[in-house]
Amino acid sequence: MSFIKTKIINFFKLIFPSTYTEMAVFLFFIICYGILGSYIAIHYRIIFDSRIPWDAYFSFDNKSILMTGGSFERHPLSYYFFNWVREFSLFISGGKMDANFRLTLAWLSNIIITLNIVQVFKYLKNIICLPLWLSILIILFFGAFSTNIILSFTPENFTYTLFLLSLYNYYAAIKLRKEEKTPAAVLSLAGITIGGLTITNFIKVFIPLLFEKNLFRDWKKFGNAVLRVAIATICFVLLYLNRIDFKYQNIFSKTNQQYEKFSNVESMPTWDMILSFFFGGNILFPGFIISDKHNMKGFHFKGLYMDLYSSSFPYFFIAIVLILIIWSYFKNFKNKWVQIIAISFFVDIVIHCVMRFGLHTSYIYGGHFVFVYPLLLGWLFFAYRSSSKIMSFLTLTLAMLFVYLLINNLFRMAEFFSFMETYYQ
């Protein structure tokens, strides 16, 4: 019994704040995000309107996701998860899809994104072992990312995926530090939850296994790793097939349709979409485009999309951020924790930038990788911890980036509120 009790306690310590500083970080962000999400949920219908299945803002599919979990070929098991989210929200709202329903959805997102912030803070503090003041600076920078701001009130797959990925990376980092292997049960659970919400993230679950001690020098350890991967994969595949009544042919036909639909957009230069949307839009809001939309059932509404950057300052900002994370990668090239983060990020780069899947709206995919930025920044500071000059330079650079980021994103959120005031009261 004491063993089970210890496991439960460790589980809650892993997910939730377990120190005063972690609690302070949690309270700060839950208040900030909570005020934002609550105001939007109470005064506007943009979070959920039963007439609008998709694209009310930034191509998010709030209603579609909440009612069906999204397309099964991209979100295999999210149907079951969002059934719970929807039913819980309906329970709180008394069965009505009203302001209380939207408020519950917003607060669920608020809590999840705040816990994501806490996971990144724990990684900076406990894995990289940065000074408290530096961890706070990085986490404030991360908390002001456009992805975190938008997902803090958006009931979507990306909201929960971001938390699960940051949680799993922190857990895997702990295991590697202790030179312990990730149990098959944990791998299976991670595969089902992370891959179940978005299938392209399934492979990321197994990346930390590549760096387990002596994995490729001991055939028993290698065989054990293969067995754990096989168990996790079998569990996932069986649940996936059960979800579609074992009609596996539908997976290939639907996947091809989705790829053709989301990878053949030529309206903007590829390099600009990569910079403005994939690398940029997830951190720094660009300008917005308002478009006319309809739900295919006669209801017309306005949709909001991100535009390409229109001045040199945002490009300069993103260039500096990219230089810093690339610098961090090469400076810490032999660091296995950095390699795990980089390989995970590389998966998304291949999918969106090389294969061009969803590149024209890749700003919505930040929930799959934005946690990478603060972690690589943290490792860059760690690499130069003994050099006061470079530490001062990096700190000043990050502080300036944070100020610009905060001013820009607050200004763009004011534009977002103007959009809601006009079309979504």
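The model is predicted. Helices α9 and α10 pack at an angle of about 40°, and Phe-12 in helix α1 belongs to a nonpolar surface patch.

- Glu-22 and Lys-122 form a salt bridge in which the closest N and O atoms are 3.8 Å apart.
- Glu-22 belongs to helix α2 (residues 20-43) and Lys-122 to helix α5 (residues 99-127), so this pair ties together parts that are 100 residues apart in sequence.
- Glu-22 is buried, and Lys-122 is buried as well.
- A network of salt bridges links Glu-22 and Lys-122 with Lys-125.

- Asp-292 and Lys-302 make a salt bridge with the closest N and O atoms 2.3 Å apart.
- Asp-292 is in strand β1 (residues 288-294) and Lys-302 is in strand β2 (residues 300-306), so the pair ties together parts that are ten residues apart in sequence.
- Asp-292 counts as exposed because its relative accessibility is 62%, with the cut-off for exposed being over 50%.
- Lys-302 has a relative accessibility of 25% and therefore counts as partly exposed.

**Salt bridge between Lys-175 and Glu-180**

- The side chains of Lys-175 and Glu-180 meet in a salt bridge, at 3.0 Å from N to O.
- Lys-175 counts as buried because its relative accessibility is 14%, and buried means under 20%.
- Glu-180 has a relative accessibility of 35%, so this residue counts as partly exposed.

**Packing of helices α9 and α10**

- Two packed helices are described by the angle between their axes and the distance between the axes.
- Helix α9 spans residues 184-197 and helix α10 spans residues 219-243; they pack at about 40°, with their axes 8 Å apart.
- The angle makes α9 oblique to α10.
- The crossing in which α9 passes α10 is right-handed.

**Nonpolar surface patch**

- Phe-3, Ile-4, Ile-8, Phe-11, Phe-12 and Phe-16 form a nonpolar patch on the surface.
- Together these residues have about 610 Å² of accessible area.
- Phe-12, one of the patch residues, is located in helix α1 (residues 2-15).
- The relative accessible area of Phe-12 is 45%, so Phe-12 is partly exposed.
- Patch residues have over 30% relative accessible area, a cut-off that Phe-12 passes at 45%.

Note on methods. Residues numbered from 1 in each chain as written. Predicted model: local features only at pLDDT ≥ 70, side-chain atom pairs only at ≥ 80, totals over all residues. Heavy atoms only, no water. Patch = residues over 30% accessible without salt bridge, like charges linked within 9 Å, V, L, I, M, F, W, Y side chains within 5 Å. Areas by Shrake-Rupley, 256 points an atom, 1.4 Å probe, with all protein chains shown as cover. Salt bridge = Lys/Arg side-chain N within 4 Å of Asp/Glu carboxyl O. Helix = DSSP H or I, 4+ residues; strand = E, 2+ residues; numbered from the N terminus. Buried < 20%, exposed > 50% of the residue type's maximum accessible area, 1.4 Å probe, protein only. Axes fitted to C-alpha atoms, helices over the stretch in contact; angles between N-to-C directions. Parallel < 35°, antiparallel > 145°, perpendicular 65-115°, else oblique. Left-handed = near helix turned anticlockwise from the far one by under 90°.
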